[in-house]
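Good morning, everyone, and thank you for making the time. I would like to walk you through one protein model, going from the overall fold down to single residues, so please keep the picture open while I talk.

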Amino acid sequence: MKVLLLYTTHEKQTLKIMQRIKTHLVGKCDCDLLELLPGSKIDLGSYQAVLIGCSIRYGFYSKTMKKFIDANFAQLNTLKSGFFGVNVVARKPHKNTPETNLYTKKFLAKIAWQPTIKAVFAGALYYPKYNWFDRNMIRFIMWLGKGDTDVTKEVIEYTNWAKVDEFAEQFVALIDPQS
């Protein structure tokens, strides 16, 4: 089986999550791990399954990913498929599912594609890598949400890797029910 692992990312946390999921797929399928960039041409006809990962920035998922999904929803709906969103709001227990995470809930309601399985994972903060504006805006947003505002920390990772592994196993079961 040929599987597409497609993602967009800002600080590479979505890539890191997708790479972790890919380790669960070794020996079970042939995977292409691709970052969706503006102007990317992807032939979904080459795949029997797809997993899409997308992060938010300032409350919105990638416009590039939304355009891709809107242009390909009919074909996506014929494939075994999964979606996961990445945002730091998902660090809160009552906001870490597709049904309780407002950003993911709104995104999934706006698209015609209906992925078979869905998840939301908490992301990470990389304060020292942000430009002045982003660092201060994100710090302010985190302050409002009672999150970590220490801009001297190299990385503040909220991702629950056990939850990622559990979702990866759900995806494996979706594409290879014999597993």
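Before I count anything, let me say what I am counting: helices, of at least four residues, and strands, of at least two, are DSSP runs, and they are numbered from the N terminus. Please also keep in mind that this is a predicted model. With that in place, the protein has 5 helices and 8 strands, and, if you follow the chain from the N terminus, the order of these elements reads β-α-β-β-β-α-β-α-β-β-α-β-α. The radius of gyration is 16 Å, close to the 16 Å that the globule rule gives for 179 residues, so the protein is as compact as a globular protein of that length. Along the principal axes, the C-alpha atoms fill a box of roughly 45 × 30 × 25 Å.

Two further values describe the protein as a whole. Buried residues account for 46% of the 179 residues, and the accessible surface comes to about 9100 Å², with 56% of that belonging to carbon and sulfur atoms. If we take the contacts between residues at least 6 apart in sequence, 77% of them join residues at least 24 apart.

As for annotation, the UniProt record, which is an unreviewed entry, places a feature called "domain: Flavodoxin" at residues 4-151. In the model, that span is 33% helix and 24% strand, and its end C-alpha atoms lie 36 Å apart.

Let us now turn to the salt bridges, of which the count comes to 8. In one of them, the side chains of Asp32 and Lys2 meet at 3.1 Å, N to O. Asp32 lies in strand E2 (residues 30-35) and Lys2 in strand E1, so this pair ties together parts that are 30 residues apart in sequence. Lys2 and Asp32 also belong to a network of salt bridges that includes Asp30.

A second example is Glu11 with Arg57, where the closest N and O atoms are 2.6 Å apart. Here Glu11 sits in the loop between E1 and H1 while Arg57 is in strand E3, so the pair ties together parts that are 46 residues apart in sequence.

Arg20 itself is partly exposed, having a relative accessible area of 31%.

Next, please look at the surface, where Tyr58, Trp132, Phe133, Met137, Phe140, Ile141, Trp143 and Leu144 form a nonpolar patch with about 890 Å² of accessible area together. Which elements do its members come from? Tyr58 is in the loop between strand E3 (49-57) and strand E4 (60-61), whereas Ile141 lies in helix H4. Tyr58 and Ile141 are 83 residues apart in sequence, yet their C-alpha atoms are 9.0 Å apart in space. Tyr58, at 34% relative accessibility, counts as partly exposed, and Ile141, at 39%, is partly exposed too.

I would also like to show you two residues through their contacts. Ser55 lies in strand E3 and, at 7% relative accessibility, counts as buried; among the residues that Ser55 touches are Thr8, Thr9, His10 and Val86. Tyr158, in the loop between E8 and helix H5 (161-175), is partly exposed at 22%. The residues touched by Tyr158 include Val88, Arg91, Met142 and Asp148, and the C-alpha atoms of Tyr158 and Val88 are 7.0 Å apart although the two residues are 70 apart in sequence.

Finally, a word on the backbone: which residues other than glycine have a positive phi? Lys12 is one of them, with phi near 80°, and Lys146 is another, with phi near 60°. Lys12 lies in the loop between strand E1 (2-7) and helix H1 (13-25), and Lys146 in the loop between helix H4 (132-144) and strand E8 (156-157). Lys12 is partly exposed at 43% relative accessible area, whereas Lys146, at 76%, counts as exposed.

How values were computed. Residues are numbered from 1 along each chain as its sequence is written. Side-chain values use heavy atoms; hydrogens and water are left out. Patches are made of residues with over 30% relative accessible area and no salt bridge: like charges are joined within 9 Å, nonpolar side chains (Val, Leu, Ile, Met, Phe, Trp, Tyr) within 5 Å. Accessible areas come from the Shrake-Rupley method with a 1.4 Å probe; for residues, only the protein chains shown count as cover. A salt bridge is a side-chain nitrogen of Lys or Arg within 4 Å of a carboxyl oxygen of Asp or Glu. Buried means under 20% relative accessible area, exposed over 50%, partly exposed in between (1.4 Å probe, protein chains only). The radius of gyration is taken over C-alpha atoms; the globule rule is 2.2 Å times the number of residues to the power 0.38. Contact means heavy atoms within 4.5 Å. UniProt positions are given in the numbering used here, feature names are shortened, and annotations may be inferred rather than shown by experiment. Lists of a residue's contacts leave out its neighbours within four places in sequence.
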